[in-house]
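Here is a short briefing for a reader meeting this structure for the first time. Please look over the sequence and the model, then read the points below.

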Amino acid sequence: MPPCSSFSLVLMALGWGSFCITSLLESLVNFVENSVKNEHALSPNRPIYLIGDSFGGCLSLAVAARNPSVDLVLVLVNPATSFGNSQLQPFLPVLEALPDDIHTAVPYVLSFIMGDPVKMAMANVDDDLPPPRTLEEISKSLTSLLPLLSDFNDILPKDTLMWKLKLLKSGTAYANSRLHAVEAEVLMLASGKDNLLPSGEEADRLWTKLKNCRIRYFKDSGHTLLLEDGFNLLSVIKRTTIYRRSKQHDFVTDYLPPTKTDFRKHIDQDNRLFRLATSAVTLSTLESGRIVKGLAGVPDEGPVLLVGYHMLYGLELDPLYEAFLREKNVIVRGMAHPILFRSSENSRTELSRFDLLLSFGALPVSPVNLYRLFAKKSFVLLYPGGAREALHRKGEEYKLFWPDQPEFVRMAARFGATIVPFGVVGEDDLVELVLDYNDQTNIPFFREWLQNVNEDSIKLRENMEGEVSKQDFHFPVLLPKLPGRFYYLFGKPFETKEKKELLKDRESAREAYMQIKSEIEGIFSYLKTKREEDPYRGIVQRTIYHTSRGSWSQAPSFDP
């Protein structure tokens, strides 16, 4: 988190000597509370972040309950508020009665209860190593952890451990008795394989007890979530949009782009199979009209408005974002339907594809957001066809559903933005639409469900005529095909900088609008014809190519 954003405290269970339990607990809460008040006095209009892991979660909640007027954001990682229901409760009397010589085995037992040692060992291993080397490094990392366990027994002898458990019990009771007074925004990160605390059940409880609580559930993680390989706290904060500089999150000014590590993880791990299956070919058009491979025809500086066709479920988004990050080193801010930003979370919500799109710059479509992005000279992605294209019916692939009004041309002209029309084909080579909206409305169960889903949904363009007004949300049922390939073509840039008539004359704006739409339809025809010339259009041919040259090599395509 950037230093300028706000104050952050990471609260852990620390050793504080042999004080009275109640006095020490009060001292810990006062210590954190004083730090919060000092920071609030310095920056009264900025939020203060408290990150509480395990026992630190109890301290965070206690401080928030005592300071309801301070703008706090709590990030609770497997908070110990559930200690009273811990799986270890029946064993605590036994632990206290253990002889000192047997107590030496306790650290080894606790190490396996608290977290997955393999995941913790993998945190020190590079992701891009070959498999044999990866196994070797994991083995070394695990071996290096063993001496630390024996040291743990010296650091935490029996009396100290029992004293800390009493402190933990007292802190749990203190925090739970004050949950009703917590006004802070809360994000709880809960592990599904937490063998120390029932964190999953605690997520269910805090979801109902706290007034402003969101959950992200990590079903395969243990208690020591922050130490596990592949977990990045800042990435989670960004993906859940709890990062803000003022009272409310601002999608434009509070946006933090993904780091190189985030990007590599998404491309190399999370999205690798889709990337290999689609093997996207990217083309662009130079000022001369010549089509070239890559994005050389797209301007290097904004403001730029990318206007194009929306595939089913937005299947084209990931390769497009990747291409611009790799070749242009820019984030494309995608304008999305506002309904996607409505909360539909529960106490077991996992990190989703929508969270990922948020981290890559998605924000609600609106004239105000478009205006502000242009003012920041951003690269903006806009789909005039919106949900009607992304949820199209059978036989409607590569058909544009645009409104009659030139919605974006005049706004682009106001800022002198460059409009780049683009088309993409390949949806019909990847999936087959077997149950569309019309089919679903003919089935009683689906029909009633669709009516309930859309009854209170945000209506865009409902006052317009024609197909573009049919924005009802549903979930088309798809069947996968033997994958083909995605082909993108970015057309010749349309400059608005010197065209003041677009602002003054609505007919001129409409002509430009229709010209852009016509160019995209021409791109469809071009790509559907040219892909027939691609010897590596099918995944079988590409697999043979990758076998001899490596999975990260790009299979050739047709000549533009």
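Helices (H or I, at least four residues) and strands (E, at least two) are DSSP runs, numbered from the N terminus. Tryptophan 449 sits in helix 19 (residues 444-455). This is a predicted model, in which local features need pLDDT of at least 70 and side-chain atom pairs count only at pLDDT 80 or more, while totals for chains, interfaces and linings use all residues. Residues are numbered from 1 along each chain as its sequence is written, and side-chain values use heavy atoms, with hydrogens and water left out.

**Surface patch**

- Buried means under 20% relative accessible area, exposed means over 50%, and partly exposed lies in between (1.4 Å probe, protein chains only).
- Tryptophan 449 is partly exposed, at a relative accessible area of 33%.
- Tyr313, Trp449, Val453 and Phe475 make up a nonpolar surface patch. Together they have about 370 Å² of accessible area.
- Patches take residues with over 30% relative accessible area and no salt bridge; like charges are joined within 9 Å, and nonpolar side chains (Val, Leu, Ile, Met, Phe, Trp, Tyr) within 5 Å.
- Accessible areas come from the Shrake-Rupley method with a 1.4 Å probe, and for residues only the protein chains shown count as cover.

- Strand 12 (residues 418-425) has eight of its eight residues buried, so it is largely enclosed by the rest of the structure.
- Both of its faces are covered. Thr418, Val420, Phe422 and Val424 are buried on one side, and Ile419, Pro421, Gly423 and Val425 on the other.
- Two strands pair if DSSP finds at least two bridges between them.
- Strand 8 (residues 304-308) pairs with strand 12 in the parallel sense, over five bridges. Here glycine 308 is opposite phenylalanine 422.
- Strand 15 (residues 487-490) pairs with strand 12 in the antiparallel sense, over four bridges. Phenylalanine 490 of strand 15 is opposite phenylalanine 422.
- Strand 16 (residues 494-495) pairs with strand 12 in the antiparallel sense, over two bridges. Its phenylalanine 494 is the bridge partner of isoleucine 419.

**Aromatic pairs**

- Rings of Phe, Tyr and Trp (its six-membered ring) pair if their centres lie within 6.5 Å; planes under 30 degrees apart count as stacked, over 60 as edge-to-face and the rest as tilted.
- The structure holds 21 aromatic pairs.
- Phenylalanine 274 and phenylalanine 486 have ring centres 6.0 Å apart and planes at 75°, so this pair is edge-to-face.
- Phenylalanine 274 lies in helix 12 (residues 272-278) and phenylalanine 486 in the loop between strand 14 (477-480) and strand 15, so the pair ties together parts 212 residues apart in sequence.
- Phenylalanine 274 is partly exposed at 22% relative accessibility, whereas phenylalanine 486 is buried at 1%.
- Tyrosine 309 and phenylalanine 524 form an edge-to-face pair, 5.1 Å centre to centre with 85° between the planes.
- Tyrosine 309 lies in the loop between strand 8 and helix 13 (317-327) and phenylalanine 524 in helix 21 (residues 506-530), so this pair ties together parts 215 residues apart in sequence. Both residues are buried.
- Phe324, Phe379, Tyr383, Phe422 and Phe490 are linked into a cluster by ring pairs.

**Salt bridges**

- A salt bridge is a side-chain nitrogen of Lys or Arg within 4 Å of a carboxyl oxygen of Asp or Glu.
- A search of the whole structure finds 26 salt bridges.
- Arginine 244 bridges to aspartate 71, with the closest N and O atoms 2.7 Å apart.
- Arginine 244 lies in the loop between helix 10 (233-239) and helix 11 (260-270) and aspartate 71 in the loop between helix 2 (55-66) and strand 3 (72-77), so the pair ties together parts 173 residues apart in sequence.
- Arginine 244 is buried at 5% relative accessibility, and aspartate 71 is buried at 12%.
- Arginine 216 bridges to aspartate 355, with the closest N and O atoms 3.1 Å apart.
- Arginine 216 lies in strand 5 (residues 213-218) and aspartate 355 in helix 14 (residues 353-359), so that pair ties together parts 139 residues apart in sequence. Arginine 216 and aspartate 355 are both buried.

**Cysteines**

- The structure holds zero disulfides (pairs of cysteine sulfur atoms within 2.5 Å).
- Cysteine 58 is buried, at a relative accessible area of 2%. Cysteine 213 is also buried, at 10%.
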